[in-house]
Amino acid sequence: MYNFLSKKTTTYAVLYKYCVILQAKHRTTMAQHNDFGKEGELQAQQFLRDRGYIIRDCNWRFGHAELDIVTEKDGLLIVVEVKSRSTEHFEHPKDAVTPAKIRRIVAATHEYILQHDIDADVRFDVVSVIPVGGTYRIEHIEDAFLPPVN
């Protein structure tokens, strides 16, 4: 006699175990990814400080948008998007700033200006951080994008 319930229970147990393993692997991968991104942001902050930028805020959030670094220099408010990549074989970090991401950054910047009562011109930069050996290659793209016209 064929015991369907037994086979079904065994199949579910195997699937459950497989899902648990995948979830644990995903958490580890995401944790490493997040740590790498945070390290990239710290490297970008130091890079900017070394060049005379004054850091106002880091990881400032508005809704679903986040401003990685908000700085000022020479009377400008400069919003910096940091893109860290382990390699640039697939896509250069600056190419990862999509039109949708730009719209979110601009909306968050508008709110930042309102909340902090800022009266200054704004510039949007991108800093890409790519590890090379035991150090980082950092590229700073000033005026990387303009706010879209609505």
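Which residue takes a positive phi in the hairpin of β2 and β3? In this predicted model, the residue is Asp-74, with a phi near 55°, and the hairpin has 2 residues between its strands.

The protein chain contains 2 helices and 5 strands, arranged along the sequence in the pattern α-β-β-β-α-β-β. Of its 150 residues, 29% count as buried. The accessible surface amounts to about 10,100 Å², and carbon and sulfur atoms contribute 55% of that area. Among the contacts with a separation of 6 or more, 54% are made by residues 24 or more positions apart.

Strand β3 is paired with both β2 and β4. The strands β2 and β3 run antiparallel and are joined by 5 bridges; within this pair, Thr-71 stands opposite Ile-78 of β3. By contrast, β3 and β4 run parallel, with 9 bridges between them. Val-82 has Val-127 of β4 as its bridge partner. Because 8 of its 9 residues are buried, β3 is largely enclosed by the rest of the structure.

The loop between β3 and α2 includes Arg-85. This residue has a relative accessibility of 24% and therefore counts as partly exposed, the cut-off for a buried residue being under 20%. The C-alpha atoms of Arg-85 and Pro-131 lie 7.7 Å apart, although the two residues are separated by 46 positions in sequence.

Helix α2 comprises 18 residues, spanning 99–116. The distance from its first C-alpha to its last is 26 Å, close to the 26 Å expected at 1.5 Å a residue. The buried residues of α2 are Lys-101, Ile-102, Ile-105, Val-106, Ala-108, Thr-109, Glu-111 and Tyr-112. An α-helix has 3.6 residues a turn, so residues three or four places apart point the same way. After the helix comes Asp-117, which has a positive phi near 50°.

Terms used: Residues numbered from 1 in each chain as written. Predicted model: local features only at pLDDT ≥ 70, side-chain atom pairs only at ≥ 80, totals over all residues. Heavy atoms only, no water. Helix = DSSP H or I, 4+ residues; strand = E, 2+ residues; numbered from the N terminus. Expected span 1.5 Å × (residues − 1). Buried < 20%, exposed > 50% of the residue type's maximum accessible area, 1.4 Å probe, protein only. Contact = heavy atoms within 4.5 Å. Areas by Shrake-Rupley, 256 points an atom, 1.4 Å probe, with all protein chains shown as cover. Pairing = 2+ DSSP bridges.
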